[in-house]
Amino acid sequence: MQKRKLGKSNLEVSALGLGCMGLSYGYGPATETQQAIGLIRTAFECGVTFFDTAEAYGPYRNEELLGEALSPFRSEVVIATKFGFDFDAEGGQSGMNSRPDHIRAVADAALKRLKTDVIDLFYQHRVDPNVPIEDVAGTVKDLIAEGKVKHFGLSEAGAQTIRRAHAVQPVAALQSEYSLWWREPEKEIIPTLEELGIGFVPFSPLGKGFLTGAISETTSFDSKDFRNIVPRFSPEARKANQALVDLLGRIAAGKQATSAQVALAWLLAQKPWIVPIPGTTKLHRLEENLGGAAIVLTPEDLRDIEEALSAITISGDRYPAHLQARVGK
Ligand SMILES: NC(=O)c1ccc[n+]([C@@H]2O[C@H](COP(=O)([O-])OP(=O)(O)OC[C@H]3O[C@@H](n4cnc5c(N)ncnc54)[C@H](OP(=O)(O)O)[C@@H]3O)[C@@H](O)[C@H]2O)c1
């Protein structure tokens with residue numbers, strides 16, 4: 001697979017990474033450990049060198065999984081993880097926490113779980129309203145100076161926060177939601193990243209599965225699946241948003257590709273410093289998604305998509321209100 005550089009940082013990764021969250025968290029029961037390890041190692045064999053996790057995925061279990069799965073080829077891959085929450089005894093998030101002492105403790109614990117001596121990319125998972133971003137950036141700068149972290153990242157941060165953080169410690173990458181059904185970053189975020197030379201890592205690039213066409217109005221999710229509380233996944237919203245899935249299906253058929261591949265190729269075509277991180281728990285879908293890196297959308301294709309998209313209104317918020325309050329800060 002082709003490689004890409006995340007902005008002006010020298011961090012080079014495969015054009016598509018692997019989002020590992022769903023193997024442990026978010027979309028129903030965790031995948032059986034040996035099966036999950038097999039999937040991660042297959043991704044590496046297929047050319048993926050960029051693996052995304054977070055302390056919060058499990059919590060902890062997803063980092064442990066990556067530690068075990070990637071240890072045979074640790075020096076050949078880039079591992080990105082995230083800090084920024086407290087957890088209760090049941091593992092639920094009990095609040096945001098980006099205080100400097102906490103960031104340091106999370107880094108030390110993550111290094112152990114990931115079975116490594118350096119975190120390649122350490123993101124703040126959500127902007128903490130109680131800690132100035134300069135203090136967060138300064139703490140990661142210290143961790144970089146100590147050799148525990150290589151690069152600093154932010155997730156779902158607003159343009160002003162990105163600028164303030166970048167002035168203290170250059171930000172290598174922003175990880176925020178971006179896809180054919182969430183294009184808000186095009187307004188202010190992408191121009192800011194371009195100006196500052198920061199890479200962009202779109203999460204949920206397949207619209208949490210919706211853009212692939214595998215989910216319809218009648219699909220029911222596991223009781224633990226996060227999508228049960230996402231307004232955009234209400235049966236009414238799914239019905240209303242089917243027009244987008246149909247559009248993608250038509251474009252995909254014309255390219256002898258799948259809808260998932262077109263959704264990923266569209267992101268790759270936006271900027272050469274964009275690296276999407278699709279997630280899956282299934283080997284055949286992993287191979288399908290990685291094929292998206294080889295699909296070239298011509299300027300005419302992109303114009304047709306743009307034109308068709310402009311006639312479609314997406315229905316439903318991407319987060320329930322209590323989580324919406326944490327993004328874009
Ligand atoms: N920074 C943040 O706040 C944040 C938030 C969310 C996610 N993330 C990161 O971004 C990564 C990707 O995001 P995501 O997992 O939310 O969403 P996604 O990659 O857009 O979609 C994943 C979902 O799509 C399904 N899927 C994947 N490939 C498919 C295909 N070819 N055909 C049909 N269905 C397919 C998967 O189900 P199966 O497993 O059944 O294939 C899964 O339910 C995560 O793993 C995580 O690392 C970060």
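A: A crossing counts as right-handed if the near helix is turned clockwise from the far one by less than a right angle, and as left-handed if anticlockwise. The model is predicted, so local features need pLDDT of at least 70 and side-chain atom pairs pLDDT 80 or more, while totals for chains, interfaces and linings use all residues. Residues are numbered from 1 along each chain as its sequence is written, and side-chain values use heavy atoms, without hydrogens or water.

The crossing of α1 past α9 is right-handed. On the α1 side the contact (heavy atoms within 4.5 Å) is made by Leu39, Thr42 and Ala43, and on the α9 side by Leu283, Leu286 and Glu287. These residues divide into 4 nonpolar, 1 polar and 1 charged (Ala, Val, Leu, Ile, Met, Phe, Trp, Tyr, Cys and Pro are nonpolar; Asp, Glu, Lys and Arg charged; the others, Gly among them, polar).

Helix α1 also packs on α2, with the axes 9 Å apart and an angle of about 60°. That angle makes α1 oblique to α2. Here too α1 passes in a right-handed crossing. From α1, the residues in contact are Thr33, Gln34, Ala36, Ile37, Ile40 and Arg41; α2 supplies Leu65, Leu66, Glu68, Ala69 and Leu70. By class, the contact of α1 with α2 holds 7 nonpolar, 2 polar and 2 charged residues.

Another helix pair is α7 (residues 235–254) and α8 (residues 259–270), whose axes come within 8 Å and cross at roughly 90°. This makes α7 roughly perpendicular to α8. Leu248, Gly249, Ile251 and Ala252 of α7 meet Ser259, Val262 and Ala263 of α8. The contact of α7 with α8 has 5 nonpolar, 2 polar and no charged residues.

Next, the ligand site. There are 31 residues around the ligand (a heavy atom within 4 Å), and Tyr27, Asp52, Leu206, Thr280 and Lys282 come nearest. A ligand nitrogen atom lies 2.8 Å from a polar side-chain atom of Asn289. Another such distance, 2.9 Å, separates a ligand nitrogen from an N or O atom in the side chain of Ser155.

Finally, the backbone. Most residues other than glycine have a negative phi, and most peptide bonds are trans. Gly58 and Pro59 are joined by a cis peptide bond, with omega about 0°. Pro59 sits in the loop between β4 (50–52) and α2 (61–70). Glu156, a residue other than glycine, has a positive phi near 55°. Its place is in the loop between β9 (149–155) and α5 (159–168).

Conventions: Helices (H or I, at least four residues) and strands (E, at least two) are DSSP runs, numbered from the N terminus. A polar contact is a pair of N or O atoms within 3.5 Å; within protein, one must be able to donate a hydrogen and the other to accept it, and residues adjacent in sequence count only if both atoms are side-chain atoms. Axes are lines fitted to C-alpha atoms, for helices over the stretch in contact, and angles run from 0 to 180 degrees between N-to-C directions. Angles under 35 degrees count as roughly parallel, over 145 as roughly antiparallel, 65 to 115 as roughly perpendicular and the rest as oblique.
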